[in-house]
Amino acid sequence: MSVRLSVGDAVFVNTGNNQDDFGVIRYIGAIHSCQYEEYIGIELVKPVENGHNGTIDGYEYFTSPKGYGFHTKLTSVIRKVLPMELVAQLRQLLTAFTDKMAEKNEFIQKLQSQLRHQHHHHHPHRRVSLKSIPSNPPDLGYMSRRESQSASQSS
């Protein structure tokens, strides 16, 4: 059974190095350097090392952020992604995001409570400033800008 692909279809595609990525077809047709073969231009969800911005050798086939564009032959398209698959994936992502936000909010409330408690003992009539609460709590896997810079410089 063959599947017809169209501009706007979501697909899984092999982007090289045994890497499969998800994207949306933005172009179908020949490219300037290969007039006799049909290529698929895809805007990927994540950038790839050999990605571009939709322009190859000065010819614009579509526009995308740098590194997110990818042209390939039809044989590299693994399969078309069905709308219900996208809905299921979005639901999973939304649930994971909501859970992480709830964890972060609980952490912030805990810090606020600790600050109020500390300040109440030391300065019972002073208002508590919440500016000292870290915006990226370390127990949730975030790194401060300074930590990430020093980590990237040491590697």
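# Chat on a predicted model: fold, core and pocket

Q: What share of the chain is buried?
A: Of the 155 residues in the chain, 25% are buried. Keep in mind that this is a predicted model.

Q: OK. How many helices and strands are there?
A: There are two helices and seven strands.

Q: And what pattern do they follow along the sequence?
A: The chain reads β-β-β-β-β-β-β-α-α.

Q: Let's walk across it. How many bridges join strand 1 to strand 7?
A: Three bridges join them; strand 1 covers residues 10-16, and the two strands run antiparallel. Val11 has Lys80 of strand 7 opposite it.

Q: Then strand 1 to strand 2, how many bridges?
A: Six bridges, again antiparallel, with strand 2 spanning residues 19-31. Here Asn14 stands opposite Asp20.

Q: What do strand 1 and strand 2 form, and which residue in the turn has a positive phi?
A: They form a hairpin with two residues between the strands, and Asn17 in the turn has a positive phi of about 50°.

Q: Next pair: how many bridges do strand 2 and strand 3 have?
A: Strand 2 pairs with strand 3 (residues 34-44) over seven bridges, in the antiparallel sense. A hairpin through two residues joins strand 2 to strand 3.

Q: Which residue in strand 3 is the bridge partner of Gly29?
A: Tyr39 is the partner of Gly29. Ile31 has Cys34 as its bridge partner in strand 3.

Q: And strand 3 to strand 6, how many bridges there?
A: Five bridges, and the two strands run antiparallel. Tyr39 turns up here too, with Lys73 of strand 6 as its bridge partner.

Q: Changing topic. Which residues make up the largest nonpolar core?
A: Ten residues in all: Leu5, Val11, Val13, Ile25, Ile40, Ile42, Leu44, Val48, Phe70 and Val77. Strand 1 and strand 3 are the elements that give two or more residues to this core.

Q: Which strand gives the largest share?
A: Strand 3, with three residues.

Q: Why would such side chains group together?
A: In soluble globular proteins, nonpolar side chains tend to be buried together.

Q: Now pockets. What volume does the largest pocket have?
A: Its volume is about 210 Å³.

Q: Which residues line the largest pocket?
A: The lining consists of Phe12, Phe22, Val45, Arg79, Val81, Glu85, Leu86, Gln89, Leu90 and Leu93.

Q: How does that lining split by class?
A: By class, seven of the lining residues are nonpolar, one is polar and two are charged.

Q: Which element gives the most to the lining?
A: Helix 1 (residues 83-122) gives the most, with five residues.

Methods
Residues numbered from 1 in each chain as written. Predicted model: local features only at pLDDT ≥ 70, side-chain atom pairs only at ≥ 80, totals over all residues. Heavy atoms only, no water. 1 Å grid on protein atoms, 1.4 Å probe; cavity = no way out; pocket = protein on both sides within 12 Å on 5 of 7 lines; lining within 4 Å. Points joined across faces, edges and corners; volume = space filled by probe spheres on them. Helix = DSSP H or I, 4+ residues; strand = E, 2+ residues; numbered from the N terminus. Nonpolar A, V, L, I, M, F, W, Y, C, P; charged D, E, K, R; others polar. Pairing = 2+ DSSP bridges. Core = buried A, V, L, I, M, F, W, Y, C linked by side-chain atoms within 4.5 Å. Buried < 20%, exposed > 50% of the residue type's maximum accessible area, 1.4 Å probe, protein only.
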